[in-house]
Amino acid sequence: QVQLVESGGGLVQPGGSLRLSCATSGSIFSIYAMRWHRQAAGKQRELVAIISSSGSTNYADSVKGRFTISRDHAKNTVYLQMNSLKPEDTALYYCNVFIRATFHSAPSDYWGQGTQVTVSS
């Protein structure tokens, strides 16, 4: 079994910062891409940022220059540093990790439970 535990969400004023964490544990042979998605109320889930196993990153246009994704291989953890937050960043943020659980298994996607980020004055 693989578990993803997210933390770091909360209420912040516009212009503020938050750092999300997603710790992965359990049966892990290899971790490939790690992603953050978000879903605002009444909207479709969107991909916010992705980091590959080699460290290359990509971002949604709406967060470029404000958000930074990073990972700690030793801790099997992915982070999302969010700066200059705007009200439109308000959403439930999910981490998503592509993992090979054992040597013999095929890689699969795993999802966290989500952490709420609310940007409001």
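What is the handedness of the disulfide of Cys22 and Cys95, and why? The torsion about their S-S bond is about 40°, so the disulfide is right-handed.

Before selecting anything else, note that this is a predicted model, in which local features need pLDDT of at least 70 and side-chain atom pairs count only at pLDDT 80 or more, while totals for chains, interfaces and linings use all residues. Residues are numbered from 1 along each chain as its sequence is written, and side-chain values use heavy atoms, with hydrogens and water left out.

**Stop 1: the disulfide**

Select Cys22 and Cys95, whose sulfur atoms lie 1.9 Å apart; a disulfide here is a pair of cysteine sulfur atoms within 2.5 Å, and the count by this rule comes to one. Cys22 lies in strand β3 (residues 18–26) and Cys95 in strand β9 (residues 91–100), so the pair ties together parts that are 73 residues apart in sequence. Strands (E, at least two residues) and helices (H or I, at least four) are DSSP runs, numbered from the N terminus. Both Cys22 and Cys95 are buried, where buried means under 20% relative accessible area, exposed means over 50%, and partly exposed falls in between, with a 1.4 Å probe and protein chains only.

**Stop 2: Glu6**

Leaving aside neighbours within four places in sequence, Glu6 is in contact with residues including Cys22, Cys95, Trp36 and Tyr94, contact meaning heavy atoms within 4.5 Å. Glu6 is buried yet has no salt bridge, and the nearest side chain of opposite charge, Arg45, is 8.4 Å away. For that comparison Lys and Arg count as positive and Asp and Glu as negative, while His and the chain ends are not counted. A salt bridge requires a side-chain nitrogen of Lys or Arg within 4 Å of a carboxyl oxygen of Asp or Glu. The side chain of Glu6 does reach backbone nitrogens, that of Gly114 at 2.4 Å and that of Gln113 at 3.4 Å.

**Stop 3: strand β4**

Move to His37, which is placed in strand β4 (residues 30–39) and counts as buried at 11% relative accessibility. Its side chain makes a polar contact of 3.2 Å with the side chain of Asn96; a polar contact is a pair of N or O atoms within 3.5 Å, where within protein one must be able to donate a hydrogen and the other to accept it, and residues adjacent in sequence count only if both atoms are side-chain atoms. Among the other contacts of His37 are Arg45, Glu46 and Trp111.

**Stop 4: the salt bridges**

Side chains of opposite charge can pair when their charged atoms come close. In this model the count comes to five salt bridges. Select Asp109 and Arg35, which meet at 3.5 Å, N to O; Asp109 lies in strand β10 (residues 108–111) and Arg35 in strand β4, so the pair ties together parts that are 74 residues apart in sequence. Arg35 is buried at 19% relative accessible area, whereas Asp109 is partly exposed at 42%.

Then select Arg38 and Glu46, whose salt bridge is 2.6 Å, N to O; Arg38 counts as buried at 5% and Glu46 as partly exposed at 32%. Finally, select Asp61 and Lys64, whose closest N and O atoms are 3.2 Å apart, with Asp61 exposed at 65%. To finish, highlight Arg38, Glu46, Arg66 and Asp89, which salt bridges that share partners join into one network.
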